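Take a look at the fold before reading on.

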Amino acid sequence: MSWTGHDTALVVWAAVGIAVIVVLITRSKVHPFIALIVGSGVVGLATGLKASEVVKQFESGFGSTLGGVGILVALGTMLGKLLADSGGADRIVSTILGWGSERRLPWAMTLIAMIIGIPLFFEVGVVLLMPVILLMTRRSGTSIVRVGLPALAGLSVMHGFVPPHPGPLIAIDALRADLGQTMALGLLLAIPTVVVAGPLYGIWIGRRVRPEPPARLVEQFAAAGAAPAGDAPGFGVTLATILLPVALMLGKAVADVLLPARSGARGWIDFLGDPLLALLISVLVAMFTLGYRLGFSRQRVSDLLGGSLGPIAGIVMIIGAGGGFKQMLIASGIGDAIGKAAAQSAISPLLLGWLIAVGIRLGTGSATVATVTASGLMAPIVRDLQHVSTPLLALAIGAGSVFFSHVNDAGFWLVKEYFGMTVGETLATWSAMETILSVVGLALVLVAGIFV
């Protein structure tokens, strides 16, 4: 079908809706949850939907998104809470650091961050690793950038590329991508990406930027960076617990390729490898390996699990509102118009998804909002362009969502204060690392697109 004036008007209103969201978040300091609701209303009403239909469509998108993603985010958060409070994360840190020399510190910190970053949110991982980063910096006498930047890269690449983090889950849900394939490709592409952005860039920039961490933080965290107590879970048990959901979900992906569709074994593997079941099983196992087995009472384990949900309420609401915004784009016909334009243009859908995510990330500072918006805009394209790999498209959007963190991102200030850097130093280290992570990730996705 040819492009019409109506299609142009729809795309203009999509841009207006996104602009409303960006301005509300950045200028008016409105919470992204409210901004997404308002932006959805603007798009729906401006494109001719009835007022009652606008509400209905938003509620439909909100509910369907939370029904899939919200449960997984909650279970992943519970697993991360047990890992942190049981001392399991400390055990992994101390064990891996014990294997390497000072020259290998950047590589060891990257490995640590990637492992504990599987179930933990980025901000939680940063807070958890800061005592170790500061302790290793003081012991080695090297720049905190050389030790800390690889750890931040390890956490960030998992946040953008690998489920069960909210960003990848949002993209997978919106694009109807296969979770097992996305996870397998995400892990495969994350390794070379983090090597370039983490240890290699961290070692290079660490020779040039040598900030002094705040003395009070060094003293406060130094003791916390010591080896875990004797009653902490063992390294093997902790690692197996963390990797259990990954193994179950990847097992499903492998079974879907190798086993016949009507095979009884495949049915069970698919059942256990379903994201909800995989994470639920892992949380139940963690309640024993990282809880009861260490002497935690049933009430304490229950309190830990319940307490983990409060801090993610805002994230879950943003995810749901993003689902409502996505549904508004579809119901109004904007998604189809953008899909038509993409089908007629020469630009790669993978690159287009990355560019949209980059634009929203730069404007709002939120990787989650960038992923939600880009996934919603790209979802109709998947229907029009059948040759597009939805797992790779999800990863391209994830890569774009971490591009160039700057002053409108809370993570920028978190890193700046912990590392004791100036704004310029933070831009040269943290912001540059995030940009390298994003660009290298996109390059690898485009290369993989040739073969997938």
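Is K29 buried or exposed? The terms have cut-offs: buried means under 20% relative accessible area, exposed over 50%, and partly exposed in between, with a 1.4 Å probe and protein chains only. K29 has a relative accessible area of 65%, so K29 is exposed.

The model is predicted; local features need pLDDT of at least 70, side-chain atom pairs count only at pLDDT 80 or more, and totals for chains, interfaces and linings use all residues. Residues are numbered from 1 along each chain as its sequence is written, and side-chain values use heavy atoms, with hydrogens and water left out.

R176 also has a positive phi, near 55°, and is a residue other than glycine. R176 belongs to the loop between α8 and α9 (179-206). Its relative accessibility is 61%, so R176 counts as exposed.

Now the helix pairs. Two packed helices are described by the angle between their axes and the distance between the axes. Axes are lines fitted to C-alpha atoms, for helices over the stretch in contact, and angles run from 0 to 180 degrees between N-to-C directions. Take helix α3 (residues 51-85) and helix α8 (residues 166-175). Their axes come within 10 Å and cross at roughly 155°. α3 and α8 are therefore roughly antiparallel to each other; angles over 145 degrees count as such, under 35 as roughly parallel, 65 to 115 as roughly perpendicular and the rest as oblique. On α3 the contact (heavy atoms within 4.5 Å) uses T65, V69, L72 and V73, and on α8 P166, L169, I170 and D173. Those residues divide into six nonpolar, one polar and one charged. Here Ala, Val, Leu, Ile, Met, Phe, Trp, Tyr, Cys and Pro count as nonpolar, Asp, Glu, Lys and Arg as charged, and the others, Gly among them, as polar.

A second pair is helix α17 (residues 349-364) with helix α21 (residues 423-451). The axes come within 10 Å and cross at roughly 165°. That angle makes α17 roughly antiparallel to α21. This crossing is right-handed. α17 brings L350, L351, W354 and R361; α21 brings E434, S438, V439, L442, V445 and L446. The division is seven nonpolar, one polar and two charged.

Next, the interior. A nonpolar core is a set of buried Ala, Val, Leu, Ile, Met, Phe, Trp, Tyr and Cys residues joined through side-chain atoms within 4.5 Å. The largest has 139 residues, and L97, L129 and L152 have the most contacts inside it. α3 gives the most to this core, with 12 residues. Not counting residues up to four places away in sequence, L129 touches V93, I112, A113, I116, A151 and L155.

Finally, S140. This residue lies in helix α6 (residues 122-140). S140 counts as buried, at 19% relative accessibility. Beyond four places in sequence, S140 is in contact with E102 and L105. S140 and E102 are 38 residues apart in sequence, yet 6.5 Å apart in space, C-alpha to C-alpha.

Technical notes
Helix = DSSP H or I, 4+ residues; strand = E, 2+ residues; numbered from the N terminus. Left-handed = near helix turned anticlockwise from the far one by under 90°.
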